[in-house]
Amino acid sequence: MRRLFYLLLLVLFVGISATCVNASTDCERWYATYRAELAHSRNLQRIAAARRRAKLYAQHKLTQVQSKPKFVPAKGPRMTRKQTLHHFNLAC
């Protein structure tokens, strides 16, 4: 009895799968044509071009060698004439 039940389930499963495969090919064909139409749309082409530019920009930035910052000695603020004379008077 069990074997008959399992055989019936197997036949039923195979039969349903066969009909779904035929239906899915039509669906896949419609989906493929829809994707092809979208691929040729102007907005999708713009998005793809923007992605390519961003990828190339990122690759360029990653491969670019960063130069080391140059050491620039800090100069103090300039003194006025009165301040310099006072500074030299203190030194003397």
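Figure 1. Helices are DSSP runs of H or I of at least four residues, numbered from the N terminus. In these terms, the elements of the chain follow the order α-α-α from the N terminus on. The count is three helices and zero strands.

**Figure 2. Exposure of the chain.** Of the 92 residues in the chain, 1% count as buried. The chain exposes about 9,900 Å², and 65% of this area is supplied by carbon and sulfur atoms.

**Figure 3. A nonpolar patch on the surface.** The patch is formed by L4, L7, L10, V11, F13 and V14. Together these residues have about 630 Å² of accessible area. One of them, L7, lies in helix α1, which comprises residues 2-39. L7 has a relative accessible area of 48% and is therefore partly exposed, since the term exposed requires over 50% and buried requires under 20%.

**Figure 4. Helix α2, residues 42-63.** Helix α2 has 22 residues and, at 1.5 Å a residue, should therefore span 32 Å. The C-alpha atoms at its ends are 32 Å apart, in agreement with that expectation. Helix α2 is hardly covered, as one of its 22 residues is buried.

**Figure 5. Confidence of the prediction.** The chain averages a pLDDT of 78, and 88% of the residues score at least 70.

How values were computed:
Residues numbered from 1 in each chain as written. Predicted model: local features only at pLDDT ≥ 70, side-chain atom pairs only at ≥ 80, totals over all residues. Heavy atoms only, no water. Patch = residues over 30% accessible without salt bridge, like charges linked within 9 Å, V, L, I, M, F, W, Y side chains within 5 Å. Areas by Shrake-Rupley, 256 points an atom, 1.4 Å probe, with all protein chains shown as cover. Salt bridge = Lys/Arg side-chain N within 4 Å of Asp/Glu carboxyl O. Helix = DSSP H or I, 4+ residues; strand = E, 2+ residues; numbered from the N terminus. Buried < 20%, exposed > 50% of the residue type's maximum accessible area, 1.4 Å probe, protein only. Expected span 1.5 Å × (residues − 1). pLDDT = per-residue confidence, 0-100.
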